[in-house]
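Student: I have a structure open on my screen and would like to learn how to read it. Could you walk me through it, step by step?

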Amino acid sequence: MARNTYQARLEELEKDVLYLSELVAERVRYALNALEDKDERQAEEVIEGDREINRIYLDLEQDCIDLLALQQPVAGDLRFIAASFKIITDLERIGDLATNLAQYALDAENDVYTEVDIRRIGDSALDMVDQAMDAYETEDTDLCRSVAERDDSLDEMCDNASQSIVRDLMSTGDFEGDGDVEPEEFLVDVRRLLLTVRDLERIGDHAVNVAARTLYMIDNDDSLLF
């Protein structure tokens, strides 16, 4: 492979990874809108669009394999390709979590524990993803470390939300909520809310993975990987 062609393929890989990240972030945003507004159209768009994310992921995975196998890159190029290979996996999994959130929006029967600010938690997780991808694009090590530092704050928000729900259930024994809701139906909705919080926390974890891989790509620094 000619050097100029090889370099063009590396640049194309970076551009395609960034496109996948934008698509995934859009789907997470739509899913959050669906949860907040009970918007079935946006929820269905996220679910139906998961196939597109999977297709792009598989295409990029093959691109990385081809570059590794055919060009045998070294040093910085090798780290870039390897990091991109790992990052697209995290992005695909964030896409899966967006699909989960959209399905929760479709399945929810009742509003439960409305004091839990899902939008705030979701926006924080999504901002971490955006920041991690900015670090990848600009090769900014400070941004990588900032994403990792923000994970503690997101974890705390998620833990507080989950614990407040469980604590209220245990202390009040109220399994019917605020209205004339059957206990079984109420508990299904509570479980769905807890799963929503869990999945948002996982989006943040994937953002940290992206930042860690990016830091390794830039500086051969594995301090965030373990």
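This is a predicted model: local features need pLDDT of at least 70, side-chain atom pairs count only at pLDDT 80 or more; totals for chains, interfaces and linings use all residues.

Student: Which elements does the chain have, and in what order do they run?

Tutor: There are six helices and zero strands. Read from the N terminus, the order is α-α-α-α-α-α.

Student: What does the C-alpha trace span along its principal axes?

Tutor: About 70 × 35 × 20 Å. Of the 226 residues in the chain, 44% are buried. The chain exposes about 11,700 Å², and carbon and sulfur atoms supply 44% of that area.

Student: How do I describe two helices that pack together?

Tutor: Two packed helices are described by the angle between their axes and by the distance between those axes. Take helix 3 and helix 4 (residues 118-138): they pack at an angle of about 165°, with their axes 13 Å apart. Angles over 145 degrees count as roughly antiparallel, so helix 3 is roughly antiparallel to helix 4.

Student: Is the crossing of helix 3 and helix 4 left-handed or right-handed?

Tutor: Helix 3 passes helix 4 in a left-handed crossing. On the helix 3 side, the contact is made by Phe 80, Ser 84, Ile 87, Leu 91 and Ile 94, and on the helix 4 side by Val 129, Met 133 and Tyr 136. These contact residues divide into seven nonpolar, one polar and no charged.

Student: Where do the axes of helix 2 and helix 3 come, and at what angle do they cross?

Tutor: The axes of helix 2 (residues 40-71) and helix 3 (residues 75-107) come within 9 Å and cross at roughly 165°. That angle makes helix 2 roughly antiparallel to helix 3. Their crossing is left-handed, and the contact residues divide into 18 nonpolar, six polar and six charged.

Student: How do I read one residue, such as Asn 160?

Tutor: Asn 160 lies in helix 5 (residues 141-172). Because its relative accessible area is 44%, Asn 160 is partly exposed. Asn 160 and Val 116 are 44 residues apart in sequence, while their C-alpha atoms are 9.2 Å apart in space.

Student: What share of the contacts between residues at least 6 apart in sequence join residues at least 24 apart?

Tutor: In this chain, 81% of them do.

Terms used:
Residues are numbered from 1 along each chain as its sequence is written. Side-chain values use heavy atoms; hydrogens and water are left out. Axes are lines fitted to C-alpha atoms, for helices over the stretch in contact, and angles run from 0 to 180 degrees between N-to-C directions. Helices (H or I, at least four residues) and strands (E, at least two) are DSSP runs, numbered from the N terminus. Angles under 35 degrees count as roughly parallel, over 145 as roughly antiparallel, 65 to 115 as roughly perpendicular and the rest as oblique. A crossing is left-handed if the near helix is turned anticlockwise from the far one by less than a right angle, and right-handed if clockwise. Ala, Val, Leu, Ile, Met, Phe, Trp, Tyr, Cys and Pro count as nonpolar, Asp, Glu, Lys and Arg as charged, and the others, Gly among them, as polar. Buried means under 20% relative accessible area, exposed over 50%, partly exposed in between (1.4 Å probe, protein chains only). Contact means heavy atoms within 4.5 Å. Accessible areas come from the Shrake-Rupley method with a 1.4 Å probe; for residues, only the protein chains shown count as cover.
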